[in-house]
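Dear colleague,

My notes on it follow directly after.

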Amino acid sequence: MEITTMINRDLIDLDLKSSDQLGVIDELASLLVKQDRLDSKSSFIEGVLEREAHFTTGFGNGIAIPHCKSGTVKQASIVIGKMANGVDWKAMDDHDVHFVIMLAIPETEAGTTHLQILSKLSGKLIDEDFRNRLMSTNEKEDVLHLLNDCVIENNN
Amino acid sequence: MNIIAVTACPAGVAHTHMAAAALEASAKKSGVKIKVEKQGAMGIENKIKDKEVTEAKALILAVDTAIAKSERFDGIPTVKVSVAEAVKNPQGLIDQAIELAKK
């Protein structure tokens, strides 16, 4: 599987400045816009917030995985942000979020390899060792390597 | 002891797969055999076979949407929760399923 079409150095920001959830989502969505991966930033953000309102994607341990499946997404993408200061995400464990993996999924993606990659990544986040390595690095290259390794790992 | 589980969420990408991974990890810790079917954006993955339904002592449904083919599971003791609960407290659900299976 090929992850390089979904994420690259410029879709990673390990020094986000925002101090609230909307700000973080907005900053990350801007990275997607820069690469022309969205038709409409505002409707993408709306979709992400709708998902959060349904139930938080802050599943605990300081990580959140906001995501949106929408027609406004042109290309399946992963965008990653890290914040030195924790952000309230109404997380399941009530802890602030320091690391965000946002998934942008086109409406028409059903059944493709991109979905498999996103699914695999989601499942992998349960692995504490993987999480720790992902959250502790300050190098974009490390993030890309970790994601790549997790995608090429065999299904259990 | 064999447990089966189904996970499903509206987008069918993130939570469905996180919940499945969490349940599998907890079951392994508890030394029980689990088969987790994921009903997500890619359709049904890791489908529970008829034989596995027959052998199952308990069922965990971690679902936020109506699931396909639920009639398969009629008569199996069931723990039903939201998909988020399975991400948050997988061990608790496995424990509950083990209790149900003992009855």
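**The second largest pocket**

Sorted by class, the residues lining the second largest pocket are eight nonpolar, three polar and five charged. Here Ala, Val, Leu, Ile, Met, Phe, Trp, Tyr, Cys and Pro count as nonpolar, Asp, Glu, Lys and Arg as charged, and the others, Gly among them, as polar. A pocket is an open set of points, on a 1 Å grid over the protein atoms alone, where a 1.4 Å probe fits, with protein on both sides within 12 Å along at least five of seven lines; lining residues have an atom within 4 Å of a point.

This is a predicted model: local features need pLDDT of at least 70, side-chain atom pairs count only at pLDDT 80 or more, and totals for chains, interfaces and linings use all residues. Residues are numbered from 1 along each chain as its sequence is written, chains are lettered from A and ligands numbered from 1 in the order in which they are written, and side-chain values use heavy atoms, with hydrogens and water left out.

The lining comprises 16 residues, and A:N61, A:I126, A:R131, B:V87 and B:P90 lie nearest the centre of the pocket. Helix 1 of chain B contributes the most to this lining, namely four residues.

**The contact between the chains**

Chain A brings 23 residues to the contact and chain B brings 16 residues, where contact means heavy atoms within 4.5 Å. The area buried between chain A and chain B is about 1600 Å², 75% of it from carbon and sulfur atoms; buried area is the accessible area (1.4 Å probe) that two parts lose on being put together, summed over both. On the side of chain A, A:M92, A:S119 and A:I126 lose the most area to chain B, together 31% of what that side buries.

With kind regards

Technical notes. Helices (H or I, at least four residues) and strands (E, at least two) are DSSP runs, numbered from the N terminus.
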